[in-house]
Amino acid sequence: MRTKLVAGNWKMNKTFQEAEDLTAKITEAVEKLNTANVEVILCPPSPYLEMVLDLTDETHVAVGAQNINEHEFGAYTGEISAPMLSSMEVEYCIVGHSERRKFFAESDEVLALKVNSALRSAIAPIFCCGELLPEREAGNHFKVVKSQIEKALYHLEEKAFRNVVIAYEPVWAIGTGVTATPAQAQEMHAFIRQLITSKYGEMVAQDTLILYGGSCNAANAFELFSQADVDGGLIGGASLKAEEFVEIVSSAINCS
Ligand code: PEP
């Protein structure tokens, strides 16, 4: 049976002290929960990774980065690479968040290279896909998600693909307060799992974690995570409040 996964994407938020406080509060509360079937990940801004790694050391909270460069080392001022992150023992990295696609023009082709780079350094990519509102309104949402997954992931061998986590994040739901209905989320997650089945077979598809992201909060997490193919969430705004994030983790525990 698949475990659940709840990852907090802090984006470009919090001062160092606030981030320390948030990490401490979340970690302390998560340690009191039964997280045997739920993986909890914090993805802070990169200057805070070391601090979050220290505070979560030997706890049930893992750490992820929000982005990596596709190159390993070199003259790329301001960038951070997968070997750097793995040398700090960062285990996960978000790849292809819609904000990276939109504001930093990251194409599916570049994202494929980022996925490769992460996997070469034993970092599990949390690969984000999802359609824009006009794409959904035009009935193209399945086509868009299929193309994003094919272009960024289908070159992977089965062994490598097994380390990928997928996050379905409809762009119209990110940071908007508009959440996909549980039925809409389930429909797309089942579609994604079917795509994986056709490419890598039933066993791989059944093992792949597919997260939902987009205005997921303490009030709607349980229903979303109770859907058969929703394996947890990538949480933005609601991960910035310790109590709410921990409630979301509890929802994942209660429906796992
Ligand atoms: C996200 O940024 O991945 C996200 C899902 O944001 P929010 O939860 O704020 O919609």
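# Questions on terms and values

Guide: Ala122 is found in the loop between H5 and strand E5 (124–129); helices are DSSP runs of H or I with at least four residues, strands are runs of E with at least two, and both are numbered from the N terminus. The model is predicted, so local features need pLDDT of at least 70 and side-chain atom pairs pLDDT 80 or more, while totals for chains, interfaces and linings use all residues. Residues are numbered from 1 along each chain as its sequence is written, and side-chain values use heavy atoms, without hydrogens and water.

Visitor: Why is Ala122 called exposed?

Guide: Its relative accessibility is 66%, and exposed means over 50% relative accessible area, buried under 20% and partly exposed in between, with a 1.4 Å probe and protein chains only. Ala122 therefore counts as exposed.

Visitor: Why are Phe225 and Ser81 placed in their accessibility class?

Guide: Phe225 has a relative accessible area of 0% and is therefore buried. Ser81 counts as buried because its relative accessibility is 3%. Phe225 lies in helix H11 (residues 221–225), whereas Ser81 lies in the loop between strand E3 (61–65) and helix H3 (82–87).

Visitor: Which residues does each of the two touch?

Guide: Contact means heavy atoms within 4.5 Å. Apart from neighbours within four places in sequence, Phe225 is in contact with residues including Lys4, Val6, Cys216, Ile235, Ile248 and Cys255. With residues up to four places away likewise set aside, Ser81 touches Ile68, Asn69, His71, Glu72 and Phe73.

Visitor: What covers the buried residues of H2?

Guide: The cover includes helix H1 (16–31), strand E2 (38–43), E3 and H3. In H2 (residues 49–56), Leu49, Met51, Val52, Leu53 and Thr56 are buried. Glu58 follows H2 with a positive phi, near 60°.

Visitor: Which residues are closest to the ligand?

Guide: Of the 14 residues that surround the ligand, the closest are Lys11, His97, Glu169, Gly175 and Ser215; a residue qualifies if one of its heavy atoms lies within 4 Å. By class, the shell has four nonpolar, eight polar and two charged residues.

Visitor: What makes a pair of atoms here a polar contact?

Guide: An oxygen atom of the ligand is 2.6 Å from an N or O atom in the side chain of Lys11. A polar side-chain atom of Glu169 lies 2.7 Å from a ligand oxygen atom, and a backbone N or O atom of Gly175 lies 2.6 Å from a ligand oxygen atom. Taken alone the ligand exposes 290 Å², of which the protein buries 96%.

Definitions and conventions
A polar contact is a pair of N or O atoms within 3.5 Å; within protein, one must be able to donate a hydrogen and the other to accept it, and residues adjacent in sequence count only if both atoms are side-chain atoms. Accessible areas come from the Shrake-Rupley method with a 1.4 Å probe; for residues, only the protein chains shown count as cover. Ala, Val, Leu, Ile, Met, Phe, Trp, Tyr, Cys and Pro count as nonpolar, Asp, Glu, Lys and Arg as charged, and the others, Gly among them, as polar.
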